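Open the model in your viewer and keep the selection panel at hand. The tour goes stop by stop.

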Amino acid sequence: MRGVFVTGTGTEVGKTVVAAAIARTLAAAGEKVAVFKPAVTGLDDPGEADHELLRRAGGSAQGDAEIAPYRYGPPASPHLAAETAGEEIDPERLLEAACAAAGDADALVCEGVGGLLVPLAEDYLVLDLTVDLKLPLVVAASPGLGTINHTLLTIEVARGAGLEVAVVVLTPWPEQPSLIEESNRETIAAIGEVRVETLPELDLRDPGSWPALPLPARG
Ligand SMILES: Nc1ncnc2c1ncn2[C@@H]1O[C@H](COP(=O)(O)OP(=O)(O)OP(=O)(O)O)[C@@H](O)[C@H]1O
Ligand SMILES: [Mg+2]
């Protein structure tokens with residue numbers, strides 16, 4: 001399966017934006033993109049849901065259930081949202097859905113849920129799904145204070161599970177980065193021995209205006 005798995009240092013760090021930028025870049029190059037998110041929560045909240053932005057960015061014709069097999073209203077961790085809905089997330093079903101989504105697409109762009117150690121089900125973390133999908137990891141992270149520790153922890157957990165960390169993307173990267181932000185970028189690259197890219201503030205309404213964020217080459 002060609003593609004990426006976009007994780008992050010936590011929740012609300014820019015996973016959807018980074019995944020959308022990659023999906024858009026592929027689509028703009030004429031590739032057929034499939035997007036996937038194992039579980040979406042918080043559908044009760046107003047605004048565009050993650051799977052909707054991913055679909056729009058990738059120009060995909062997938063239905064909601066094809067992108068995100070588990071969808072919940074409350075903004076809770078997926079295992080809790082599932083429990084509240086009286087069900088359990090089934091890892092087998094997730095893998096089947098991801099493979100089905102990939103189908104005849106040229107590339108699959110997956111977004112995780114929260115960070116790598118978020119449980120999807122009992123004994124099944126987002127990390128386990130990334131291992132099972134065998135896709136290179138993209139780590140979305142904030143540019144500012146606190147990001148070194150969060151990013152290096154994420155890289156260490158990923159590598160400990162045998163995963164390839166293809167790139168860290170700092171987002172949204174300011175037009176005039178501060179000393180701290182510049183230093184964070186260099187420090188993560190040096191200590192994490194990882195490629196670090198940046199993504200500027202995007203106008204999310206207009207994918208046509210976004211800069212390219214190419215699929216990382218397989219190492
Ligand atoms: N490059 C960017 N351009 C514009 N907005 C950004 C950018 N990076 C992050 N954001 C903003 O930061 C917030 C969090 O981003 P996003 O929704 O992608 O995070 P997430 O990690 O996917 O969150 P969740 O854990 O809920 O899935 C959003 O309001 C998003 O618009
Ligand atoms: Mg998201």
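**Stop 1: a helix pair**

Select H1 and H2: H1 passes H2 in a right-handed crossing. This is a predicted model. H1 covers residues 15-28 and H2 covers residues 50-58. Their axes lie 7 Å apart, at an angle of about 20°. Angles under 35 degrees count as roughly parallel, so H1 and H2 are roughly parallel to each other.

Now show the side chains at the contact. From H1, pick Thr16, Ala19, Ala20, Ala23, Arg24 and Ala27. From H2, pick Asp50, Leu53, Leu54, Ala57 and Gly58. Colour the contact by class: seven residues are nonpolar, two are polar and two are charged.

**Stop 2: the cores**

Which residues touch the most other members of the largest nonpolar core? Select Phe5, Ile89, Leu108, Leu120 and Val168. The core holds 41 residues. Helix H5, residues 91-102, supplies the largest share of this core, with five residues.

A second, separate core has 28 residues. Leu26, Leu53, Val167 and Leu213 are among them. Leu53 also belongs to the H2 side of the helix contact from the previous stop.

Go back to Leu108 and display its contacts, skipping neighbours within four places in sequence. They include Met1, Arg2, Gly3 and Val4. Ala34, Val35 and Phe36 are also in contact with Leu108.

**Stop 3: Asp44**

Move to the loop between strand S3 (39-40) and H2, and select Asp44. Is Asp44 buried or exposed? Its relative accessible area is 60%. Exposed means over 50%, so Asp44 is exposed. Leaving aside neighbours within four places in sequence, Asp44 is in contact with Gly73 and Pro74. For a distance check, pick the C-alpha atoms of Asp44 and Glu201: they are separated by 26 Å. Along the chain, these two residues are 157 residues apart.

**Stop 4: backbone details**

Select Thr171 and Pro172. The peptide bond from Thr171 to Pro172 is cis, with omega near -15°. Pro172 sits in strand S9, residues 165-173.

Next, go to the loop between strand S1 (3-8) and H1, where you will find Glu12. What is phi of Glu12? The value is near 60°, positive in a residue other than glycine. Glu12 is exposed, at 78% relative accessible area.

Finish at Glu193, in the loop between helix H8 (179-192) and strand S10 (196-200). Phi of Glu193 is near 45°, again a positive value in a residue other than glycine. Glu193 counts as exposed, with 66% relative accessibility.

Note on methods
Residues are numbered from 1 along each chain as its sequence is written. Chains are lettered from A and ligands numbered from 1 in the order in which they are written. This is a predicted model: local features need pLDDT of at least 70, side-chain atom pairs count only at pLDDT 80 or more; totals for chains, interfaces and linings use all residues. Side-chain values use heavy atoms; hydrogens and water are left out. Axes are lines fitted to C-alpha atoms, for helices over the stretch in contact, and angles run from 0 to 180 degrees between N-to-C directions. Helices (H or I, at least four residues) and strands (E, at least two) are DSSP runs, numbered from the N terminus. Angles under 35 degrees count as roughly parallel, over 145 as roughly antiparallel, 65 to 115 as roughly perpendicular and the rest as oblique. A crossing is left-handed if the near helix is turned anticlockwise from the far one by less than a right angle, and right-handed if clockwise. Contact means heavy atoms within 4.5 Å. Ala, Val, Leu, Ile, Met, Phe, Trp, Tyr, Cys and Pro count as nonpolar, Asp, Glu, Lys and Arg as charged, and the others, Gly among them, as polar. A nonpolar core is a set of buried Ala, Val, Leu, Ile, Met, Phe, Trp, Tyr and Cys residues joined through side-chain atoms within 4.5 Å. Buried means under 20% relative accessible area, exposed over 50%, partly exposed in between (1.4 Å probe, protein chains only).
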